[in-house]
Amino acid sequence: MIKFLDIKAINEPFEVAFQEKLKNFLATGWYILGDEVKAFEEEFSAYCGSKYCVGVGNGLDAIILTFKAYMEMGNLKEGDEIIVPANTYIASILGIIHAGLVPVLVEPDADTFNIDPKQIEAKISAKTKGMLIVHLYGQLAAMDEIMEIGYKYDLLIVEDAAQAHGLQFKGSHTRTFSFYPGKNLGALGDAGAVVTNDEKLAKTIRSLSNYGSEKKYYNDYLGFNSRLDELQAAFLRIKLPHLSIENNKRRAVANRYLSEIKNNKIRLPFYDGSDNHVFHLFVIRTEKRDELQQYLLDNGIQTMIHYPVAPHRQKAMKDFHHLSFPITEQMHDEVLSLPMSPVLGDKEIAHIIKTINAY
Ligand SMILES: *Cc1c(COP(=O)(O)O)cnc(C)c1O
């Protein structure tokens, strides 16, 4: 069976280094917010070409804390509207809601799956104060057009980069990351971060993530407990130097799929051939998606669906059920994610391509 994502195989080359780190970690006896978190923050902000990085508990918290910090700073207030793609993973939308803000959903471009900049302006109201832009599946969103709209309407722009580690970013200066194990840079548990050039924002997020306190037992804000775990930071430091190489391997897998899959029942993803994609996922479209998924499974190929139900159709999102997003809805019925990882072998790739071409 070809696994959709073999995380164990991805982490195997690092196991000896992980064990060495764990040994050192146990020897220090320092478990929370130590040298590893500090060093990872420095290394990751440098890697992203950013001034500051604040480690947090996970990717959802990275979004919540960023918006909460903007509220504490007086840039946003409860009930303000935030533009967000309708077809994102639900965490983007939850991050806005849990911060006390109102998500306003916008359809994606039918080719790239990323938010369609041409449909943003129609959704902007007097209450719109920001945008949360997602680089879905690892592909850079149309940042030039998005930044122009942001500038025109004076909107804060935050990027949910949970699927886009290692992307050559351009545009806004504030990005939220998840290091959930299956992401391009994955920890061995939950972890996340916010990267920004805004010193005040970084400081406020850092305080909010640690009980709203800068100085121990003195609380400036009604804060949270969402810190990057020291041991996860130590593991992430081992993997970070390999991220760019791993992303190149993902692009090589994608290039083979794109040039060798030939089946007119299947629509391949848009890719401009540049570095503007880190292929967190390789997502094809087909009308009889469930049938294709079963056929691939019968031939020893595991696939996944990202995502089977659109956020506005989820049981939890009752206030959004009356809304209609035809492109988003069709996407959720047709998408199928093929195996994609830096450790996918040539034989496996060849088998996947041959099987799809015979469908
Ligand atoms: C994974 C993901 C998140 C949430 O990250 P967690 O670490 O699981 O909280 C947020 N946004 C997007 C787009 C994601 O893919």
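Tutor: A salt bridge is a side-chain nitrogen of Lys or Arg within 4 Å of a carboxyl oxygen of Asp or Glu. The side chains of aspartate 111 and arginine 267 form such a pair, with 2.7 Å from N to O, and the count between domain 1 and domain 2 is 1 salt bridge. Please keep in mind that this is a predicted model, in which local features need pLDDT of at least 70 and side-chain atom pairs count only at pLDDT 80 or more, whereas totals for chains, interfaces and linings use all residues. Residues are numbered from 1 along each chain as its sequence is written, and side-chain values use heavy atoms, with hydrogens and water left out.

The two parts are domain 1, residues 7-240, and domain 2, residues 243-357, with bounds that come from an automatic or database domain assignment. Their C-alpha centres lie 24 Å apart. To the contact between them, which means heavy atoms within 4.5 Å, domain 1 brings 37 residues and domain 2 brings 34 residues.

The area buried between domain 1 and domain 2 is about 3100 Å², and carbon and sulfur atoms give 62% of it; buried area here is the accessible area (1.4 Å probe) that two parts lose on being put together, summed over both. On the side of domain 1, Phe113, Tyr137 and Asn184 supply 23% of the area that this domain buries against domain 2, which is more than any other three residues.

Polar contacts also join the two domains, and the count is 20 residue pairs, both residues being at pLDDT 80 or more. A polar contact is a pair of N or O atoms within 3.5 Å; within protein, one must be able to donate a hydrogen and the other to accept it, and residues adjacent in sequence count only if both atoms are side-chain atoms.

Now look at which elements of domain 1 touch domain 2: those that give two or more residues to this side are α1 (7-11), α5 (90-98) and β3 (102-106), and α5 gives the most, with 3 residues. Helices (H or I, at least four residues) and strands (E, at least two) are DSSP runs, numbered from the N terminus. Taken by type, the residues on the side of domain 1 that touches domain 2 divide into 20 nonpolar, 12 polar and 5 charged, where Ala, Val, Leu, Ile, Met, Phe, Trp, Tyr, Cys and Pro count as nonpolar, Asp, Glu, Lys and Arg as charged, and the others, Gly among them, as polar.
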